[in-house]
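Welcome, and please have the viewer open beside this page.

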Amino acid sequence: MALLAPGSAVPSALVALVVFRTPAWACLLCFTSHKERVRICQIFAGIEGPELEKCEEAFTAAFKGLLDAEINYDERSHLHDAFTQMTHSLQEMATAQGSFKVAFPDAAEKMRKVIMQLKEVRACVPPCGLQEVARRFHCRGCYSTVCDLPLDCPVQDLTVTRGHQAKFSCTVNFQLPQEEITYSWKFAGGGVRTQDVSYFQDLPQARGNLARIRPVQPAHRGTFSCVILHDQLPLARLYFFLNVTGAPSRGESELQVSFREVLRWAPLEAEMIEPWRPSLGELLARPEALTLSNQCLLAAVAALASVSATLVVWMFFRWYFKGN
């Protein structure tokens, strides 16, 4: 699948616009078909004549206000069921020789109430991302749209002192699908700050939505990219520009080169970023870490350390005084 150009909106031909090609039931979702209206009016006013034309005009006028309705895309099946029930009800009223002048406005009002009770369309969350949760269905034309936002999110700047740790969080502000979410990390080195996908190389060892670099070195200066995918379809691309302060000493640089030549290390791009594995201090900082069992374990370790230290001091003093 070809990736989109940086900063571009989601192409309508791909995902921004979906037009239903099977109007047999899809157009009944947002309105009744012309064939359906004629059938109902023929029952109300007869096979032909001036009353039949008046019936069709009354039908169109009664439901005109519903044509511009926009609903949550996931609610379209509920609306379809409601229109089907309405059609059956109108046919029963026509068979009972009721008046279409009364039946059509009443049916349109009931449908308006049904639409009002459907789940609201979720608002788009800027500035980026393909947000399926905000997809909306348009009754006029029977098609759906998603937010007109680019896949590429703005670059986030991060400045880290050489030798310290850099953390990246590949998260977005909108709701992601529950399943089949994967993350792909890339890096554009040389200190370049870019969103051009041609500059990036894969980082196969980086997985998940959290990653870090430790210790940070000047060679890490550049742009890191994280692509969020759902079933191999990109939902958003995040960018992090890492600026490293504090240049390494000449002796240390020469030592690193020597080590690389002797040990034949792998290329830097393949090893510079790793999954986030919290340290003991980071784990203890979490609220859920201090459970009763963990507190007892920590107390036992502290007591053992205290006893060991006391024993070492006692043995030292015993040896010291014995020698004197």
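## A helical stretch

Across residues 297-321 the chain is 100% helix and 0% strand, with the end C-alpha atoms 36 Å apart. Helices (H or I, at least four residues) and strands (E, at least two) are DSSP runs, numbered from the N terminus. UniProt, in an unreviewed entry, places the feature "transmembrane region" at residues 297-321; its positions follow the numbering used here, feature names are shortened, and annotations may be inferred rather than shown by experiment.

## About the model

This is a predicted model, in which local features need pLDDT of at least 70 and side-chain atom pairs count only at pLDDT 80 or more, while totals for chains, interfaces and linings use all residues. Residues are numbered from 1 along each chain as its sequence is written, and side-chain values use heavy atoms, leaving out hydrogens and water.

## The chain overall

The chain holds 9 helices and 12 strands. Of its 324 residues, 32% count as buried (under 20% relative accessible area, with a 1.4 Å probe and protein chains only). Take the contacts (heavy atoms within 4.5 Å) between residues at least 6 apart in sequence: 73% of them join residues at least 24 apart.

## H4 against H6

Helix H4 (residues 50-63) and helix H6 (residues 100-117) have axes that come within 9 Å and cross at roughly 20°. That makes H4 roughly parallel to H6 (angles under 35 degrees count as roughly parallel, over 145 as roughly antiparallel). Axes here are lines fitted to C-alpha atoms over the stretch in contact, and angles run from 0 to 180 degrees between N-to-C directions.

On the H4 side, the contact includes Lys 54, Phe 59 and Phe 63, and on the H6 side it includes Phe 100, Pro 105 and Met 111. By class, the contact has 11 nonpolar, no polar and 2 charged residues (Ala, Val, Leu, Ile, Met, Phe, Trp, Tyr, Cys and Pro count as nonpolar, Asp, Glu, Lys and Arg as charged, and the others, Gly among them, as polar).

## H5 against H6

Helix H5 (residues 76-95) packs with H6 at an angle of about 165°, their axes 11 Å apart. The two are therefore roughly antiparallel to each other. Among the residues that meet are Leu 79, Phe 83 and Met 93 in H5 and Ala 103, Val 114 and Ile 115 in H6. This contact has 12 nonpolar, no polar and no charged residues.

## A strand residue

Where is Ile 213 placed? Ile 213 sits in strand E9 (residues 210-213) and is buried, with a relative accessible area of 0%. The C-alpha atoms of Ile 213 and Gln 165 are separated by 5.7 Å, though the two residues are 48 residues apart along the chain.

Definitions and conventions: Angles under 35 degrees count as roughly parallel, over 145 as roughly antiparallel, 65 to 115 as roughly perpendicular and the rest as oblique. Buried means under 20% relative accessible area, exposed over 50%, partly exposed in between (1.4 Å probe, protein chains only).
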